[in-house]
Amino acid sequence: MDEISTLLALGDTGWGDEIAAGVGVTLSLALATLPLGLLIGFFIALAKQSEEPTLRLAGNIYTTVFRGLPELLTLFLVYFGAQIGIRELMLAMGSETSIEINSFFAGMVALGLVFSSFSSEVFLSAFRAIPRGQYEGGQAIGLTRFQTMRLIILPQLIRIALPGLSNLWMILLKDTALVSVIGLSDIIRQTGIAARVTKEAFLFFGVACLLYLVLAILSSVAIGAINRWAAKGDTAR
Amino acid sequence: MSTSPTAVVNERIQPALPPPLVARRWSGTRTVGWIALAAMLGLLGGLSLYLILSWDLELITKYGPKYWQGLQITLGLVATSIVFGAAMSLPVAMARLSPNRAVGALAYGYVYLFRGTPLLAQVFLVYYGAGEFRPELQSVGLWGFFRDPWNCAVFAFALNTAAYQAEILRGAIQSVAKGQWEAAEALGLTRLQAFRKIILPQALIVALRPYGNEIILMLKGSAIVAIITVLDLMGETRRAYSRSFDFQTYLWAAVIYLLMVETIRNIWERLEKHLTRHLRRDG
Amino acid sequence: MRFLKHLTLTAAALATAASLSSAQADGMKLKIGTEGAYPPFNNMTADGKLEGFDIDIANALCAEMKAECTFVTQDWDGIIPALQAGKYDAIIASMSITDERKKKVDFTNKYYNTPPAVAVPKDSRLTGVSPADLAGAAIGAQGSTTHANFAEARYTDSTVRGYPTADEYKLDIASGRLDAVMDDVTVLQEWLASEDGACCKLLGTVIPDPAIHGEGAGIAIRKGETELAAKFNAAIKAIRANGVYKSINDKYFTFDAYGG
């Protein structure tokens, strides 16, 4: 037991501080991806339930592609492809400067694309669960379409979509592990380095699994609180 | 419209027409639609055009056979894991449904552990963990199995998918109405008979869609085995890219994965339609 | 149209999130890409600084060219794409000059050339390094290197495994999952001399194949930047002549790494 506590200690002798930094990176990547994925997903859902066939088609192509590709492949496509693409674009515009895509940013975009294609489905089925009368009611009391969306539809939508979105958050948390492959110092990469240096692979990858479990449990607690808050409106009825 | 007093009264009690079904056009929706579609098709078309323009027979003949080998490894890995996982999921699902609290808790712990941690971490834990415990594994004669990276991948994948499949199965069994059990009992069937002949067929129909999703998830998730040196489709792709530095190697992989996922999805949709034809009310 | 505005706002926010960097190669400022996981050529010290033969040579070359150099680390897998994308201007990371790579990047002349070698566990019964000797064995190498390419091309009766970095194959040969590993002789010697390398021994060096191993390690730069290549070549010649190369060489090796 002593040996293990030395290995996991903070400071120069142990790997505790390096791994803690990894937890920070994992968490901030997931938190940075969440709003991006929600926002894009919401607009894709709007497009998919639009009366405009071109919008629906565009939305469906988007989801088919990003739900069908392995997450790791999407990550490589963004990491290597976007960099080459931006470089070509800049050169075509006659500029020598280039925008550098680091692994955090690439991970955020790739995971955001994946998350949004799944969250758009959750939003879409939530949209369908809201009766048409709600839109008509909004129209009848003279609200504009945007006001109807913001004041009447959105509050109901969030409540209906919450369980589905919580599920996606748990998946996102785990998917961040893939970004270690393109060099981001997250939980997996940090524990991996520790495992290689100390030859204690089982211990350190076990610690990695435990940390993800802790993050999942903490998420469940937070989601439970949000759920109770969102369900407040229900009890009044 | 009449202006006589009676007519006015008539008009008042007439119910108002419902709002028009076609809602007011959002100004510019159509423009946005075309722009979005153009962007989407432009991107896909551009990438396809890139693939066609950079058509390189040398590259295709050099790496094509490798991709084919990698594809076979991927499919073999996924199929093996799914089958072993399915076999393991049955007892886990039973344990989850068991009235015995301890057994239920144990199964719940297993499911939570494998669903709550990344597959990548599980694969590393098995692969490098087994390497660390070589003497112990050798003494029980298991090192021969764990020495091979492909076996390690199947081992980790099967454990992982068993957890997911157990939950699918449990949910499906619980979705079958309690009355079905009671009716079976009333007919004098044993519990095993009732489960096999009454409950399971109904549960499997409910489970069909999530099973399809699980196969697709496994197929996509299997791309990580390249990191433990198994040369699956993704592994061959990375190798081809690192040698040719040609981005189209990744685009071809994307095309192949998309085709596979869409094929599975379509087959599954047809299967579901076929198996649930007795439940449809029309047609 | 309101949500279009939202979209453009988000896009703008995202664009600024990506760090802007200028990649001008005006001869005064240079960014050098390296891996940082390949001792004794380039690796990280415990406090996160780069060290090694490649790094010392790079600094000497920059001093010779009167250029101000900064280092950027990049995983081996993406080291050429990142050069093409302008993340840095030159790769000094023990990259072998091969025909396959020459299609994508330009190289300077070589700055060292050492032969490949094979290491095996201490209790190994393997006696030779030829393909016949290693038939049936599992051979590990770092993926996308000349060593992995060579092993795959020649050792067709063995199982060749490619690892993301050298660290992973070291872990797998220590556990007995691999029967042999193949890498640069100096890299293997450095590892075997360390505590980590206690598991294994050097079996012997392999005669390199110029068609696969190339003519040695060179500095990779983007295609068409002949001016930069000429500057590097002149600088390599100069440090070879003025003794700077020899003093760096002697810090790491007991022989002349420049090769014949």
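**The interface of chain C and chain B**

Author: Chain C and chain B bury about 2,300 Å² between them, and carbon and sulfur atoms give 50% of that area; buried area here is the accessible area (1.4 Å probe) that two parts lose on being put together, summed over both. This is a predicted model, in which local features need pLDDT of at least 70 and side-chain atom pairs count only at pLDDT 80 or more, while totals for chains, interfaces and linings use all residues. Residues are numbered from 1 along each chain as its sequence is written, chains are lettered from A and ligands numbered from 1 in the order in which they are written, and side-chain values use heavy atoms, with hydrogens and water left out.

In terms of contact (heavy atoms within 4.5 Å), chain C contributes 25 residues and chain B 28 residues. Six salt bridges are found across this interface, a salt bridge being a side-chain nitrogen of Lys or Arg within 4 Å of a carboxyl oxygen of Asp or Glu. One salt bridge joins E100(C) to K62(B), at 2.9 Å from N to O. By class, the side of chain C that touches chain B has 11 charged, nine nonpolar and five polar residues; Asp, Glu, Lys and Arg count as charged, Ala, Val, Leu, Ile, Met, Phe, Trp, Tyr, Cys and Pro as nonpolar, and the others, Gly among them, as polar.

As to confidence, chain C averages a pLDDT (the predictor's confidence in each residue, from 0 to 100) of 86, with 88% of the residues scoring at least 70. Over residues 1–27 of chain C, however, the pLDDT is below 50.
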